[in-house]
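Dear colleague,

Please find below the structure that I am handing over to you. My notes on what was found in it follow directly after.

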Amino acid sequence: MRKPVFQGSLGQDYYEYLIEKLKANQRVDGRTLDSYRDLKIDLNVVPKAEGSAQVQLGKTSVLAGVKLTAGVPYADTPDEGVLTVGLDLAPFAHPEFQPGPPDEKAVGWGRVVDRGIREGKAIDLGSLVIEEGRKVVIIWLDLTLINHEGNAQDAASIAALAALMSARFPEEIASALGRDSLELLHFPVSVTLGKISDFMLVDPSIEEEDYLDSELSVTSLEDGRISSMQKILSGPLNEEDVMKAVILAKKKGDELRELVLKTVKKHKSRANKDSE
Amino acid sequence: MSKLSQEELLTDDGIRNDGRRVDEARPFEVEVGVLTQANGSALVRQGKNVILAGVMGPYEAERHSQYLDRAVLKVRYHMQPYSTNDRKSPTYSRREMELSRAIREALEPAVILTDLPRTEIDVFIEVLQADGGTRCASVNAASVALADAGIPMKDLVTAVAIGKIRDTLVIDINDLEDENGQADFPIAMMPNKDKITLLQMNGLLDEAEIKKSIDMARGVIGSLYTIQVNALKKKYTPLAVSKEG
C-alpha cells in the first residue's frame with residue numbers, strides 16, 4: 001500500500017470542527033450545505049473519440065470518451081443498439097488507487113452512470129439498428145477519473161451526458177441511419193448527497209467523504225422523474241432523509257443539467273459555424 | 001488505418017502529410033503540476049498526442065520489494081480506450097507492458113535512486129489521445145513529472161522518434177507515418193549528458209542512416225528539452241522579493 005487512508009483520517013478534532021460548521025449551515029470550504037463546487041465542462045477534448053468531455057467539479061476531474069462503432073447486437077436484443085459503460089480510476093488520481101482492473105469503487109460509480117442512462121431511456125437503443133440482428137451501433141462510453149477530490153460520481157455522470165450529447169457518428173453509421181448524432185431523449189444527471197450525523201450535504205469534498213455515514217446518489221431526468229438511486233456506505237437512512245434527498249437532487253439536478261445543455265448547445269452552434 | 005503510399009506521405013517538394021517539412025517536429029507543449037493528489041505531474045501535447053503523467057511517492061516500499069541502498073522505480077504506461085482510432089480494450093496489454101519497461105529504463109539512468117533507499121516511486125502514464133510516438137511523448141511527460149515531484153535527478157530525459165519515408169529520414173513521426181513508413185526509430189536522451197537511454201528500431205536502416213538519425217534526434221531533443229525546462233520554471237518561479245524592499 002501507498003499512503004494508507006482511513007475513514008476519518010483527519011482525526012476527531014476535524015470531525016468536531018466539521019459538525020460545528022454544519023450546525024451553522026456552513027462547510028469547511030465555505031459552501032452552504034446545498035451548494036456545489038464550481039463546475040467546468042470542456043467538450044471535444046479528445047478529437048479522436050466520436051464524443052468527449054472533461055468535467056472539473058472543483059478539483060475533481062473526469063474525462064469521458066465515446067466511441068461509436070458498428071457491430072453485432074446481443075442475441076436477446078437483435079433490434080437494439082448496445083451501450084457499454086466503463087470507468088477507470090487513473091492510479092495518479094488518488095494515493096489509494098491501485099493500477100489494474102476496476103475495483104468495487106470504480107464499478108460502483110460506473111454502474112450508477114450506466115443505470116441512470118439506461119433506465120432513464122436517455123438513448124433510444126431501438127433507433128440504433130443498421131441491419132436487424134446483424135449490425136447495430138455500439139456505444140462505448142469510457143470514463144476516466146483523472147483527479148479525485150471528492151464526488152467522482154456526479155462528475156462522471158455529467159461528463160458522460162456531455163460526451164454522449166456532443167458525439168457525432170462516423171460517416172459510415174451516419175449515412176446508414178440518416179442522422180449524425182445520438183439524439184438523446186432524456187438527460188439524466190446524478191446528484192450525490194452525503195449524510196454526516198444529522199446533516200445532509202450535496203457534492204461532498206474528499207475531506208467530507210472521509211466522515212460520511214452514508215451517501216445517496218439520485219439520478220433525475222429533466223421531467224422530474226428519477227432514473228436511478230444508489231445508497232452506499234454502511235450508515236442507515238430514514239424515510240425523511242430519502243425524501244429530502246430526492247427533492248434536493250431534483251432541484252440541484254436541474255441546475256447542473258441546465259449548464260450541460262447550455263455548454264453543448266454553445267459548442268454545437270460554434271461547430272456549425274466552423275463547418276460553414 | 002488508411003494505407004498511404006510513400007508519395008502521399010512525402011511530396012516531391014519535401015512536404016509531409018500533415019504539412020511539415022522533413023526536419024520539423026510537431027508542436028510540443030508541457031504543463032506542470034496539473035494534478036492535486038499526485039506528488040508530481042505533467043501534461044504533454046506532442047502533435048495530437050495527449051499524455052498525462054503522475055508520480056506517486058517516494059513512499060516506503062513494501063518489505064519484499066524494497067532495496068536497502070536505493071529506491072525502486074515503477075512505471076506503468078496505459079492507454080485509455082478512447083485514445084485511439086479503433087477503441088482499445090482497457091485491459092493492460094503486452095504492448096503496454098513492453099513500453100512500460102522501455103520507458104522505465106529510459107528514465108532510470110536520470111533518477112538518483114541511491115538518494116532514496118527503501119522507497120518506491122511510481123510513475124503512472126495515461127495516454128488520453130494517441131498519435132504516433134506515444135512512448136517518446138510519455139518519456140517527455142514522465143521526466144517532467146519526476147522533476148515536479150522533487151525526485152533527485154541528474155538530468156531530464158527527452159525523446160523523439162525518427163522515421164523513414166520515401167528513403168528519407170524524417171523527424172517526430174505521427175501515426176500515419178509510423179504505420180506506413182519504412183522505419184520507426186524512437187530515441188531518448190539525457191540532453192546534458194549526451195547519453196542515449198531509450199533506443200528501439202523497427203524497420204530497415206543502414207549504418208549511415210542510423211548515425212544520421214541519432215544526430216537529427218539530438219538536435220530536436222535540444223529544443224524539446226528547453227520547452228520542458230521552461231514549463232518547470234514557470235511553476236517554480238520564485239516570488240520576486242526585491243532586495244531593497
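Strand β7 of chain A, residues 189-196, runs antiparallel to β8(A) and is joined to it by 4 bridges. Within this pair, Gly194(A) stands opposite Leu201(A) of β8(A).

**Helix α2 of chain A**

The 16 residues of α2(A) reach 21 Å from the first C-alpha to the last, close to the 22 Å expected at 1.5 Å a residue. Its buried residues are Trp109(A), Gly110(A), Val112(A), Val113(A), Asp114(A), Gly116(A) and Ile117(A). An α-helix has 3.6 residues a turn, so residues three or four places apart point the same way. The partners of the buried residues of α2(A) include the sheet strands β7, β9 and β10 of chain A, and also β4 (82-89), β6 (135-147) and α3 (152-166) of chain A. After α2(A) comes Lys121(A), which has a positive phi, near 50°.

**Ala160 in helix α3**

On the α3 side, I would draw your attention to Ala160(A), which lies in that helix of chain A. Is Ala160(A) buried or exposed? Ala160(A) is buried, because 30 other C-beta atoms lie within 10 Å of its own, where the cut-off is 20 or more. Leaving aside residues up to four places away in sequence, Ala160(A) touches Ala64(A), Val113(A), Ile117(A), Leu141(A) and Leu143(A). Two of these, Val113(A) and Ile117(A), are also listed among the buried residues of α2(A). Ala160(A) and His186(A) are 26 residues apart in sequence, and their C-alpha atoms are 13 Å apart in space.

**Confidence**

For the complex, the predictor gives an ipTM of 0.87 and a pTM of 0.92. Chain B has a mean pLDDT of 95, with 96% of its residues reaching 70 or more. Where pLDDT is low, the predicted coordinates should not be read in detail.

With kind regards

Technical notes: Residues are numbered from 1 along each chain as its sequence is written. Chains are lettered from A and ligands numbered from 1 in the order in which they are written. This is a predicted model: local features need pLDDT of at least 70, side-chain atom pairs count only at pLDDT 80 or more; totals for chains, interfaces and linings use all residues. pLDDT is the predictor's confidence in each residue, from 0 to 100. Two strands pair if DSSP finds at least two bridges between them. Helices (H or I, at least four residues) and strands (E, at least two) are DSSP runs, numbered from the N terminus. The expected span of a helix is 1.5 Å times one less than its number of residues. A residue is buried if 20 or more other C-beta atoms lie within 10 Å of its own, exposed if 12 or fewer, and partly exposed in between; C-beta atoms are placed from the backbone. Two residues are in contact if their C-beta atoms, placed from the backbone, lie within 7 Å.
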